[in-house]
Amino acid sequence: MNNSLWNKSAKALLAVGLVASFGVPTSQTTVEAAAPANDLFISEYIEGSSFNKAIEIYNGTGTSVELSPYSLSLYTNGSTSSQSEMALSGTVANGETVVIYHGSANAAIQSKGDLQNNSVVNFNGDDALVLEKSGAPIDSLGQVGARIDNLKDVTLVRNPDIQSGDSIVNNSFNPSTEWTVYPSDTVEYLGSHTMESGVTPVPDPDPTVDGYYETANGLQGESLKAELHDIIDGHTELSYSQVWDALKITDEDPNNANNVLLLYTGESRSKSLNGGNVGDWNREHTWAKSHGNFGTAMGAGTDIHHLRPTDVQVNGLRGNLDFNYGGSTVSGCDGCLRTPTSWEPPNEVKGDVARMLFYMAVRYESGDGVDLELNDFVNNGSTPYHGKISVLLEWHEQDPVSSWEQQRNEKIEDIQGNRNPFVDHPEWAESIW
């Protein structure tokens, strides 16, 4: 893929901070990023049999969004006053969705759900829903103040060319103008959404990427793992100090070129606040550097496929813990859970974490300074293992590859010359593990 969404300041940073030490491909093509959505909007509606009801909200704004200012209200039977209201909570990453579902919905809906609510998500086909931010409507479904039965027994998916919500709550509502209508109880589209003109569109397939993996075609299991290692081996290795500048490019906030987006918290923070003090961000080794004792040595210790900007205090709390479900809440990181031996990241980045670890287990084999492998344990200590693979595979499935990851993969290839195969071909994880 030769499309690049870097802006001019990011390229200048690359030129100043990195080019003096190694070459950067000069064949990249710059394209303008399309305008992002101006706010969250409702992207799917399910009014099915019994309590099979759900609402999906999409973030196409170009940056992670904290949900606490947002609420969803239900207006029943043509009323102009809401009968139920729920405050949203958590954080939704750019390009991701929040699914609000009824607690008695079927297993297919619940498996894709994020927030449960049995009062607002108890609508009928003649009710209206309003999404608000700080008390002001930003999107609506149906018509407040009118009882029109055109939302009964249907699944509605917002058309991909829609970039903003309908904030006029009492205007007439015709599903065919902005929505694709599917039969009752259709759930296959729930949990993800495509917005064609968003700031982080999914790149079109690029034959150069297929060529990159040509020798891996048809392989499975250990043979595939070995071939992928050979393909991604021999990348340009950075020094640990060069990683600072690289992360300011790979993790740049697409909505603010002066900031980076932090792993785990999703916060946008100034690029200049890199360091070791409270309020700074530093270089998180997703594959804990003590798992194999590679430290910050060039190679595994500086590979930006698994290095991410992270809040200093959150990084310290994660430490060298393996990944698993459960634990106590983590101060300063909504959605993070921690036990003495494990760390659970927020839902928005679970898949990202899994795919970074998959990459490391393939990239670093015997002869690469350290032989890294995944296992199904926690508390791995200084051994060159990381767990738990069963959990990581679940997270990989639950949190699919986002356009953010795809663009990050592009930038890293430009900088260090190799790609993460599990971003390009998610299906290979199951084949290997």
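Biologist: Is asparagine 420 buried or exposed?

Modeller: Leaving aside residues up to four places away in sequence, asparagine 420 touches Tyr213, His305, Arg355, Met356, Tyr359 and Asn409. Its relative accessible area is 4%. Because the cut-off for a buried residue is under 20%, asparagine 420 is buried.

Biologist: Which element gives the largest share of the lining of the second largest cavity?

Modeller: The second largest cavity has a volume of about 120 Å³, and its lining includes Asn420, His305, Arg355, Met356 and Asn409. The largest share, 5 residues, comes from α9.

Biologist: What is the volume of the largest cavity?

Modeller: The count comes to 4 cavities of 30 Å³ or more. Of the 20 residues that line the largest cavity, Ser64, Ala93, Asn94, Gly266 and Val349 are the closest to its centre. The lining of the largest cavity divides into 8 nonpolar, 7 polar and 5 charged residues. The volume of the largest cavity is about 280 Å³.

Biologist: Over which residues does pLDDT stay under 50?

Modeller: The mean pLDDT of the protein is 89, and 89% of its residues reach 70 or more. Where pLDDT is low, the predicted coordinates should not be read in detail. That caution concerns the stretches where pLDDT stays under 50, namely residues 1-17 and residues 198-205.

How values were computed: Residues are numbered from 1 along each chain as its sequence is written. This is a predicted model: local features need pLDDT of at least 70, side-chain atom pairs count only at pLDDT 80 or more; totals for chains, interfaces and linings use all residues. Side-chain values use heavy atoms; hydrogens and water are left out. Buried means under 20% relative accessible area, exposed over 50%, partly exposed in between (1.4 Å probe, protein chains only). Contact means heavy atoms within 4.5 Å. pLDDT is the predictor's confidence in each residue, from 0 to 100. On a 1 Å grid over the protein atoms alone, a cavity is a set of points where a 1.4 Å probe fits but cannot get out, and a pocket is an open set with protein on both sides within 12 Å along at least five of seven lines; lining residues have an atom within 4 Å of a point. Grid points are joined across faces, edges and corners, and a volume is the space filled by probe spheres set on the points. Ala, Val, Leu, Ile, Met, Phe, Trp, Tyr, Cys and Pro count as nonpolar, Asp, Glu, Lys and Arg as charged, and the others, Gly among them, as polar. Helices (H or I, at least four residues) and strands (E, at least two) are DSSP runs, numbered from the N terminus.
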